[in-house]
Amino acid sequence: MSDKPKGKLALYWAASCGGCEIAVLAIDEKILDVAAAFDIVLWPCATDGKVRDVEKMADGSIDVCLFNGGIRTSEHEYMARLLRQKSKVLVAFGSCASEGCIPGLANMNTRREIFDAVYKEGSMTYPENPQDVRPQPETKMPEGMLHLPLFYDTLKTLDQTVEVDYYLPGCPPEAENIWKAIVAILEGKLPPKGSVIGVNTTVCDECPRKRGVKKIKKFYRTWEIIPDEETCLLEQGLLCCGIATRAGCGALCPAVNSPCIGCHGANDGVKDFGARMMSALASVIDSDDPEEIRRIIEDGIPDPVGTFYRFSLAASQLRRKNKAEMASG
Amino acid sequence: MSNENFEPKIVGFLCNWCSYRAADLAGSARIKYPPNVRIIRVMCSGRVDPTFVLKALADGADGVMIAGCHPGECHYLNQNYKAMRRYEMLKHTLAAMGVEDQRVRLVWASAAEGQQLAAAIDSLVHDVRELGPLHWPQNWKENGEREKALADIVKEHEEAMEVPA
């Protein structure tokens, strides 16, 4: 038994799928080492810690907070601010907190459009809703005023909301990288604040495929061809995002003939993941004729946002689709 | 809704060897053209990363111009073709993001084409003025309800504290 007092650890989930919680448990028996080193003061998914008790703690008394999920509602923003205040080290855990991830794709719509899709009469969820009942932030009941969190128009990343100390990339982060990050935190061997805890190279470095000269006349969707197992997937015309994506996952997807989709986030120095992809793909198109170029792009990339910003829309330069022409309210 | 006093803010990335010299020529020849384009000199149109265009729009520009040497005349041989391909890729994505097609434009202008560059700038400024301001950062603003919602959470939690255990 160690004489050192246990540190305090918090894990919280905002707009997420729960995969990051499962990923933490994927460190298997090492979770016992975590429990030995830390008191888990808040982990809504797995333990009984109360927000009220966190609110009563002194500022900075939580040693580490692993915060996953994007900031979708006022409750998420409140918890992000609370945990920032009460934590020494706040980690944006996983793609949602770091760059918005899949919930960030809702930035192609507004709250109004999303609620219409769910609640408007005739939707799949509500074939009948004659009074157009929708969630309201406030509802007066005999017992008093009931509050629901406000659903924002735009999903934000954690660092667009509060100051973040470290980022752990991945959707979800790989178990061994989670363990490495926990060890680094316990040993105090962390990179400078604001860094990603991970390597500074792209998936291409971990991918064993042979690379030659890339000249693409046509981009293929994943279902259109069965790629050869030896050659670079981008060279075969598949939209592999490995060129812009941070390594650390072991190039798992290219290893099974599937192009990288970018879940490990942007590499260092990439201010906009989609822009890097656009630039790289444009460089390999084998044509100098504007008509042909346009056709190659339109045929091969029918969904540019889904391809270039599948994980990173909320963290991109533009962050969302133009609201100007969209329904609001 | 058009604002009569709207002056478009346009960022221009002009290549050192052709289009920037064209702008110089327009200046020394006293050719009048609208002052709305903030010109940034790059060595080659192929240097223009889509990130520059996206950042310009995200930071409040109403339009972006990329100008380079004519195809076949690039000082660095082929890089304006890269610019052309990146531009097509960017346009395809900007359309999906709800940015009007007319706001981002690629033009070719040789060092002798001061008049033509001035005309291209005039045309872009005119088109963007018709479209109106882009005001991209407004897209990120939540409405006034956000402050109230956050204040309500604080109040609710404070009230909860008062309940005896």
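Reader: In this predicted model, how far apart do the C-alpha centres of domain 2 of chain A and domain 3 of chain A lie?

Author: The model is predicted, and the domain assignment of chain A gives domain 1 as 7-103 + 154-187, domain 2 as 111-152 and domain 3 as 203-315. Taking domain 2 of chain A and domain 3 of chain A from that assignment, their C-alpha centres are separated by 40 Å.

Reader: What radius of gyration does chain A have, and what would a compact globule with 329 residues have?

Author: The C-alpha atoms of chain A fill a box of roughly 65 × 60 × 30 Å along the principal axes, and the chain holds 11 helices and 9 strands. A compact globule with 329 residues would have a radius of gyration near 20 Å, and the value for chain A agrees with this, being 22 Å.

Reader: What share of the contacts in chain A with a separation of 6 or more comes from residues 24 or more positions apart?

Author: Of the 329 residues of chain A, 46% count as buried. Among contacts in chain A with a separation of 6 or more, the share that comes from residues 24 or more positions apart is 73%.

Reader: Which peptide bond is cis, with omega near -10°?

Author: The loop between strand 9 (166-168) and helix 7 (175-187) of chain A contains A:Pro172. With omega near -10°, the cis peptide bond is the one from A:Cys171 to A:Pro172.

Reader: Turning to chain B, in what order do the 4 strands of the open sheet stand?

Author: Strand 3 of chain B pairs in the parallel sense with strand 1 (residues 10-15) over 5 bridges, and strand 3 of chain B also pairs in the parallel sense with strand 4 (residues 104-108) over 5 bridges. The open sheet of chain B, with parallel pairing, has the order 2-1-3-4.

Reader: Why is one side of strand 2 (37-42) and of strand 4 of chain B left without a neighbour in the sheet?

Author: Each of these two strands of chain B has one side without a neighbour in the sheet because strand 2 and strand 4 stand at the edges, each with a single partner strand.  Neighbouring strands of this sheet are turned against each other, direction ignored, by an average of 20°.

Reader: Is strand 3 of chain B enclosed or open, judged by how many of its residues are buried?

Author: B:Gly63, B:Met65 and B:Ala67 point one way from strand 3 of chain B, whereas B:Val64, B:Ile66 and B:Gly68 point the other way, and all are buried. In general, side chains in a regular strand alternate between the two faces of the sheet. With 6 of the 6 residues of strand 3 (residues 63-68) of chain B buried, the strand is largely enclosed by the rest of the structure.

Reader: Is B:Arg30, with its positive phi, buried or exposed?

Author: B:Arg30 lies in the loop between helix 1 and strand 2 of chain B, and its phi is about 55° although it is not a glycine. A residue counts as exposed with 12 or fewer other C-beta atoms within 10 Å; B:Arg30 has 7, so it is exposed.

Definitions and conventions. Residues numbered from 1 in each chain as written. Chains lettered and ligands numbered in written order. Predicted model: local features only at pLDDT ≥ 70, side-chain atom pairs only at ≥ 80, totals over all residues. Domains from an automatic or database assignment. Rg over C-alpha atoms; globule rule 2.2 N^0.38 Å. Buried ≥ 20, exposed ≤ 12 C-beta atoms within 10 Å, placed from the backbone. Contact = placed C-beta atoms within 7 Å. Pairing = 2+ DSSP bridges. Axes fitted to C-alpha atoms, helices over the stretch in contact; angles between N-to-C directions.
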